[in-house]
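Subject: Handover of a structure and notes on its architecture

Dear colleague,

Please find the structure below, together with its sequence. My notes on what was found follow directly after it.

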Amino acid sequence: MTSFARTVRTVVIAGTMTAVGVVMATTSGVVLSSAVNAQSAASIIVQGNRRIEADTIRSYFSGGELSAARVDEGIKAMYATGLFRDVRVSRQGGRLVVQVSENEVINRVVFEGNRRLKTDQLMGEIESKARGTFSRAMVQSDTQRLYDLYRRTGRYEVEITPKTIEQPNGRIDLVFEITEGKKASVRAINFVGNNAFGRQRLLDVMSTAESGIFSWLKSNDVYDADRLNADQEAIRRLYLRSGYVDMRVLSARADFDQAANAFTISIEIEEGPQYRIGSVDVQSNIRDVDGATLRGAVKTQPGAVYNVELVDKSLEDVTLEVARRGYAFAAVRPRGERDPSTLTVNLVYVVEEGPRVYVERINVRGNTRTQDRVIRREFDMAEGDAYNRVLVDRAERRLKNLGFFKDVRITTEPGSAADRVIVNVEIQDQPTGAFSIAGGYSTSDGFIAEASVEERNFLGRGQFVRLGGTFGQRSRGVNFSFTEPFLLDYRLAGGFDIFYRQTNRSSWQPFQSTSYGATLRLGIPITENLAVQLRYSGVSQRISIRDDQVNCYTGYNGQLSRFNNNGNVSYYEATDPRAVGTNEGLAYVQADGTVGTGVTANPYSCLSDGETSVALRAINNRTRFISMLGYSLIYSNLDRATNPSQGLYAELRQDFAGAGGNARFIRTTFESRYYQDLSNDWIGMLRLQAGHIGALGGRLDSVDQFFMGPELVRGFQTAGIGPRDFAIANASGILGRLPDAVGGTMYWGASAEVTFPISILPRDFGMRGALFADAGSVWGYNSIRSFNTGGGVLPVTLDGSDAHKIRSAVGVGLLWNSPFGPIRFDYSFVLSKARGDQTQAFRFSGGTRF
C-alpha cells in the first residue's frame, strides 16, 4: 500500500521539467542542443508506454523540427493530459528517446470512516472517478474539496488521508480515510450597533443559528462562510425595508475557539437614521410615453417609510406597463436623492429606451429532476423576445420561491451577434417530498395523530400531491389533494380535494357527524398580492344521535313524558282524567295497567341520561347532500408566510349552496390580520372577522349555522358562544344539564395581540410570550322552532341566549416553537358572557412533525 498523508495537498509531482531558453536538462544529464533541431517526430523512440499508443505520444512533438522549445512544449502538453506520472527525454545517438511512466487507472474509489456524510454526497464532490486516470494533482484538489465540504457542515476537526492500493494490470484502488471529528458549533452570535432591531429580530432573518440543547435536531448551527455572507445580505434587506438606507454591515467576524471547537460570530452594524419617502415622480424619456400615466404602477408613496422591496416592485410594474404599450426594450431605473436635513428620499423612476437586445437562447442546466418547462414558465419572456433585466430578476425570485431548488443562479453571456444575449439558468435540485407523522393534544379535539405523504414537485412537473390521514380521540379521516399550478400552461392553479371525515360525540357536540366529498379549485392571480379562487364542493353528511339522547317525547298538556315499549304513555299529568292518584301532582301507569302513586313516579326519568335539542334531532339519521359554488378573494403582503412580523392578510369568502342537493343558503365570511413590528421583537397583531349565513327560502338546518368558541373569543369552550336550546334543561329541572348549542347566523370578532421574546430564556428554546384581548358575538338563530316527535311537539327555547351580547376576555399566552412542532398555551379571563355560554380558562394545543 502506498500512502500519502495530509501533506498531499502540497505534493510536488516528480518528473516535471521546465525549459529555460532552448536548452532542456534531462534526468540523464544529456543536453539537447541545436543538433536536435534537425530531427523530426518520426525519429522519436517511445519507451515505457503500456496503454497509450506510441504514435499518440509522438503527436505531442509533431508540427515541425524538434527544437528544444518544441520538445519543452510537448512535455508540458503530455503532463497537462493527466495521463502521465513522469516524462523523461534523452538522446541516444541521433534519436530522441521519450521515457514515460503512465498514471494508473483507478479501479474504484472508496471512503472509509464517513458516518455524517453519505458516500454519494462525497462522491459527487470529487473529480477522481472509477475507470479514470489517477492523478496526484487531482487527488490533492479532491482532498481539499472534501475538507471544504466537511467544514461547511461544521466539522473543523476532520482528518482526510488519501491512500492507494495497487491492483494487477496497472490499476489501483483510491481510498479516502476520514476521521470526521466533532461538529464545531456556533456558540454565540453577537451584534454591535443595532438599535432599531433587537437581537431576536436580527436572528430571525438569519439562516445561521446558535447551538443549544436542541442542536441535535438542526443543522444550521454550524459555521458556513457562504451562509454568513447570505445572512449579511438578509440583515441589510431588513434594514432597507424599514427605511435605513445608510445602513452598512461594517464587519462580520467568526472567531474559532479550538479548545471548545466552537465559533463566536460578531456582526458590527452601522444603522444610520430612518428615512421616509419625500416626493415620488416618474420621468419618461420616451417621446410617446407620458410619465404621469405611469404613476398608478408605482407602489411607493410620499410620507411612507422607505422600503426597498416596494421600490423593486415599482420597477417591475412600471417596466411591464411600458412593455404593454409597445416599448419592450424600455429600461426603468430608480434615482434616489437623500435629504439628510429632512430625513427623506426623493424618488424618481426614470424610463428610457434601453439597448435593443434580444434573447437568443435560454439554457437550463443542472436540473436532474425538474422538467425544463417548469423552469422556463417562470420567465415572462421567451427565446426571441426582448431582453429585460428586470424580468430576469423576477424569474430568479420566482424560481427561488418555488422551493424546488437548493441553488438558483441566472447569468448572461454574449450571443451570436451584438444584439443577442444568451441567458443561462444554473440550478440544483433538492428533495421536495416529505413523509410526516404528527401527534398532539388540544382541549377541544383531545388526542390526535396524523400521517401524511406529500410531494411538492411531483414527477418533476411542479405539481403538488398530498395524501393524509388522521386518527384522534374525537375525529378521524383521510384526505387527498392535487394541485397543478400552471393549468393549461397559464398561471392558473387548478386542483381538487377528496376527503372523508368522522367527528364523534363530545361535550360540545352531542352527535356524530360523518361526511365525505370533494372540492374542485381554480386559483387566478390578479396581481402579485391579490388572487381569487373559484371552487365547487359536493359534501354528503349524516348526523347520528345516540338513542338514549332522543327517547323523550311530549305527552298531555305539552309536558314531557315517555312511551313504554308497547307504545303506551307511561307518565301523565295529574290533571289528566285518567290519573287517579298523585305524588307531588304526578301519576303513572304500572305495567299491569293500573295507576300507581309511589315515590318512584317520575315523568322525567328519560332525562337522567341527557337529551338532545330538537333543533338537532330534526336532522337525526338523515343524509344531507350539500352542493356549493364559492369563491375567495385573498390579499396578502405579509413579509413571510409563517410567523409574520409585518403586513396585511385579508380574505373574503362566499359560498352558495343550492346547485343541487338539499341545502339552500348563502354563507359569507371575512377575516383580516394586520401585523406590525413594534420595537425590539415585539410584534403587534390586529384581527377582525365576521360572518353571515342566510337561508334561500325557509329555514336553515341547525348544523349549517356558525358554532363559535375560542377561535372567536379565547376563554370559551368550542361552540361555547351563541344561541342555546334551554327547553330540555328547563323542563327537567336537572341543574347540571348543559343546554345544547344550536348555532347562529351572524358573528363578529376582534382581537388584539402582542407577542414578545422572553429575555430570561435562551433563544434556542424558541419561546415567546403573548398578551391578548378578544371580543365578539354570535347571534341570529334561524333554524326550526319546534319539532313533532310523533307523540307531540317539542319547542326550541332560546331564553335570551340569542341576544346580540358582546363576549370579551383578556389573557396571557406562551408560544413555543418546539422541535416537536408549534405548541401554544393560553390562560384567559372572561370579562363578559351571555346565559348558557360555556367558559374554559385554560387552552392548550400542540403537535409534532418529523
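The notes begin with pLDDT, the predictor's confidence in each residue, given from 0 to 100. The protein chain has an average pLDDT of 80, and 82% of the residues reach at least 70. Residues 1-38 have a pLDDT below 50, and in the model this stretch makes 75 contacts beyond near neighbours in sequence (contact means heavy atoms within 4.5 Å). For residues 732-736 the pLDDT is likewise below 50, with four contacts beyond near neighbours in sequence.

This is a predicted model, in which local features need pLDDT of at least 70 and side-chain atom pairs count only at pLDDT 80 or more, whereas totals for chains, interfaces and linings use all residues. Residues are numbered from 1 along each chain as its sequence is written, and side-chain values use heavy atoms, with hydrogens and water left out.

Helices and their packing

Helices (H or I, at least four residues) and strands (E, at least two) are DSSP runs, numbered from the N terminus. Axes are lines fitted to C-alpha atoms, for helices over the stretch in contact, and angles run from 0 to 180 degrees between N-to-C directions. Angles under 35 degrees count as roughly parallel, over 145 as roughly antiparallel, 65 to 115 as roughly perpendicular and the rest as oblique.

Helix α7 (residues 308-324) has contacts with two helices described here, α9 and α6. The axes of α7 and helix α9 (residues 389-402) come within 10 Å of each other and cross at roughly 125 degrees. That angle makes α7 oblique to α9. Their crossing is left-handed, a term used if the near helix is turned anticlockwise from the far one by less than a right angle, with right-handed used if clockwise. On the α7 side the contact involves L315, E316, D317, T319 and L320, which meet V390, L391, R394 and R397 of α9. By class, this contact of α7 with α9 holds four nonpolar, one polar and four charged residues. Here Ala, Val, Leu, Ile, Met, Phe, Trp, Tyr, Cys and Pro count as nonpolar, Asp, Glu, Lys and Arg as charged, and the others, Gly among them, as polar.

Helix α6 (residues 225-241) packs with α7 at an angle of about 85 degrees, their axes being 7 Å apart. This makes α6 roughly perpendicular to α7. In α6, R237, L240 and R241 meet V308, E309 and D312 of α7. The residues of the contact of α6 with α7 comprise two nonpolar, no polar and four charged.

Two open sheets

Strands of a sheet pair through backbone hydrogen bonds, either parallel or antiparallel. Two strands are taken to pair if DSSP finds at least two bridges between them.

β12 runs antiparallel to strand β13 (residues 344-353), joined by ten bridges, and E337 stands opposite N346 in β13.

Eight bridges connect β3 with strand β4 (residues 95-102) in the antiparallel sense, and R91 has L96 in β4 as its bridge partner.

Antiparallel strand pairs

Strand β22 (residues 512-525) and strand β23 (residues 530-544) run antiparallel and are joined by 14 bridges. They form a hairpin with four residues between them, and I524 stands opposite V532 in β23. β23 is in turn joined to β29 by 13 bridges, again antiparallel, with S537 opposite M628 in β29.

Strand β29 (residues 622-636) pairs with strand β30 (residues 647-661) over ten bridges in the antiparallel sense, and A650 in β30 is the bridge partner of Y635. Eleven bridges then join β30 to strand β31 (residues 665-679), also antiparallel. E651 stands opposite E671 in β31, and a hairpin of three residues joins β30 to β31.

With kind regards
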